[in-house]
Amino acid sequence: MLPDKEVLSVLKKYSSETHPLTKKDIQYLCFKDYPRDPDRFTDSKIRRTIDKLINDDPKHEQIRYQTSYREDGSEYRTGFYYQPLLSKAEVRFLIDSILYSKVFTTDQAADLTDRLQTLCSRDDETIVRYADKEVFGKNRLSAEVDVMDNITRISQAIKDNQLISFLFHNYRLKDGKIQLIPKQKDYLIRPVNLFLDQGRYFLKGCYPGNSKEYTFSVDLMKDIKEQARDSAEKNEQSIRN
């Protein structure tokens, strides 16, 4: 069996466009990172693995190589490197968007940016590690509501054609932070659809037995629960009567 995973791991970890690896480099680093399996990294297996990653497997289009020419004019490959799916500029844009998004809590944003940085190349990795974790979040206007969990619950209720109950909040700024102020009643809504506007998610929904649509900020909703439509509408009707 060829060491596909090991060679690919070495290329991801150690190579870049400005730091390509020769076959001997790849072999040495495989020995270094996987010392228990030296027989898997013979000259022949390393060569065949690289050829397979470049030529036979479309999933590994990120494996690039540099070329040189022999005296007779024939071309040969001299260095190999891993090309990330996203460029440095694209990763930085995504990280900026997450850091200043109102969709993620501070902890979620910090965790997601850390994982995004793993998509960078060897050269770019230090460039995008500019989010100071000591400062990040202190000037961030976020209600610290788990918006992604809210979206998951609302989407499931829409799919199930059910109602949702939730607590809705107003908010105010206090000491540079958003403070949520709960309203006095629980809401019961038939969710219609979710949409994104100005960096925030909103829900359009109707009260049971009413076709008029109202809009709710998803980041001001808490304790969302799916309610069986028939029983919830009967309870709502009995309350009104």
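**View 1. Phe216 and its neighbours in the predicted model.** Phe216 touches Phe166, Phe168, Tyr187, Ile189, Tyr201, Phe202, Leu203, Tyr207 and Met221, leaving aside residues up to four places away in sequence. Contact here means heavy atoms within 4.5 Å. This is a predicted model: local features need pLDDT of at least 70, side-chain atom pairs count only at pLDDT 80 or more, and totals for chains, interfaces and linings use all residues. Residues are numbered from 1 along each chain as its sequence is written, and side-chain values use heavy atoms, with hydrogens and water left out.

**View 2. The largest nonpolar core.** The largest nonpolar core has 26 residues. Ile164, Phe166, Phe216 and Met221 have the most contacts inside it. Helices H4 (88-99), H5 (106-117) and H6 (147-160) each supply at least two residues of this core, as do strands E3 (163-174), E4 (177-197) and E7 (221-227). Apart from this core lies another, of 17 residues, among them Leu11, Cys30, Phe41 and Ile50. A nonpolar core is a set of buried Ala, Val, Leu, Ile, Met, Phe, Trp, Tyr and Cys residues joined through side-chain atoms within 4.5 Å. Buried means under 20% relative accessible area, exposed over 50%, and partly exposed in between (1.4 Å probe, protein chains only). Helices (H or I, at least four residues) and strands (E, at least two) are DSSP runs, numbered from the N terminus.

**View 3. Gln62 in a loop.** Gln62 is found between helix H3 (43-56) and strand E1 (63-69). Gln62 counts as buried, at 12% relative accessibility. Its side chain joins that of Tyr82 in a polar contact of 3.2 Å. Such a contact is a pair of N or O atoms within 3.5 Å; within protein, one must be able to donate a hydrogen and the other to accept it, and residues adjacent in sequence count only if both atoms are side-chain atoms. Gln62 also touches Tyr81, Gln83 and Leu85, not counting residues up to four places away in sequence.

View 4. Most residues other than glycine have a negative phi. Phi of Asn161 is near 60 degrees, a positive value. Asn161 sits in the loop between H6 and E3 and is partly exposed, with a relative accessible area of 47%. Phi of Asp223 is near 55 degrees, also positive. Asp223 lies in strand E7 and is partly exposed, with a relative accessible area of 44%.
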